[in-house]
Amino acid sequence: MIALVRQAAEEAEKTIRPGIPSSEPSRIVNSLFSSHGYTMPHSLGHGIGLDVHEEPLLKANQANPGTLKKGMIIAVEPGLYDPAWGGVRLENDFIITDTGCEKITSSRIISLDCPEDRHASRKHR
C-alpha cells in the first residue's frame with residue numbers, strides 16, 4: 001500500500017496543470033488504485049483558501065467539476081486503508097503555475113522498522 005500511495009501522489013502531480021477539470025487527477029489516481037484492487041474512501045484533495053476545504057474539489061465523480069487555474073492552491077492527499085493493517089496517506093500542497101504545478105510542502109512517508117519479535121507478539125494478541 002505504501003508504494004502505491006507514493007505512486008499515486010507522483011501520478012497526480014504529473015497531471016496537475018491549468019485548464020484541466022479538477023476531477024482529472026482523482027480519476028487517474030482512482031484508476032491506479034482500482035487496477036491493484038483498492039478504492040480510496042475519500043476525495044483526492046481540495047482547494048486551500050479562506051476555508052480548510054474549498055473549491056476546487058479533486059473528486060472523480062463530480063457532476064460539474066471545476067477547472068484548475070493558475071494561482072490556485074490545492075491539497076493532494078491520496079490514501080489507502082486496511083482495517084487489519086492500518087493505512088497510509090500522503091498529503092502535499094501545490095500551487096498551479098502557467099504550465100503545471102509547484103509543490104509547496106514536502107510531506108513524505110516515513111517507515112518505522114520494528115524488530116521481528118515485536119511483529120510476532122502483535123499477531124498473537
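Student: Before we start, what do I need to know about the model?

Tutor: It's predicted, so local features need pLDDT of at least 70 and side-chain atom pairs count only at pLDDT 80 or more, while totals for chains, interfaces and linings use all residues. Residues are numbered from 1 along each chain as its sequence is written, and side-chain values use heavy atoms, with hydrogens and water left out.

Student: In what order do the elements of the protein chain run?

Tutor: Helices (H or I, at least four residues) and strands (E, at least two) are DSSP runs, numbered from the N terminus. Here there are three helices and seven strands, in the order α-α-β-β-β-β-β-β-β-α.

Student: Which residues of α2 are buried?

Tutor: Start with the general idea: an α-helix has 3.6 residues a turn, so residues three or four places apart point the same way. Buried means under 20% relative accessible area (1.4 Å probe, protein chains only). In α2 that picks out Pro25, Ser26, Val29, Leu32 and Phe33. They cover an arc of only 125° around the axis, so they sit on the same side of α2; the arc is taken from the directions from the helix axis to the C-beta atoms. Their cover includes α1 (2–15), β2 (54–58) and β4 (79–82).

Student: Which residues have the most contacts inside the largest nonpolar core?

Tutor: In soluble globular proteins, nonpolar side chains tend to be buried together. A nonpolar core is a set of buried Ala, Val, Leu, Ile, Met, Phe, Trp, Tyr and Cys residues joined through side-chain atoms within 4.5 Å. The largest one here has 22 residues, and Phe33, Ile74 and Val76 have the most contacts inside it. Two or more residues each come from α1, α2, β3 and β6 (92–96), with α1 giving the largest share, five residues.

Student: And Gln62, is it buried or exposed?

Tutor: Buried, because its relative accessible area is 18%. Gln62 is in the loop between β2 and β3 (73–76). A polar contact (N or O atoms within 3.5 Å; within protein, one able to donate a hydrogen and the other to accept it, with residues adjacent in sequence counting only if both atoms are side-chain atoms) of 3.5 Å joins its side chain to that of Ser22. A polar atom of the Gln62 side chain also lies 2.9 Å from the backbone oxygen of Lys59.

Conventions. Buried means under 20% relative accessible area, exposed over 50%, partly exposed in between (1.4 Å probe, protein chains only). Contact means heavy atoms within 4.5 Å.
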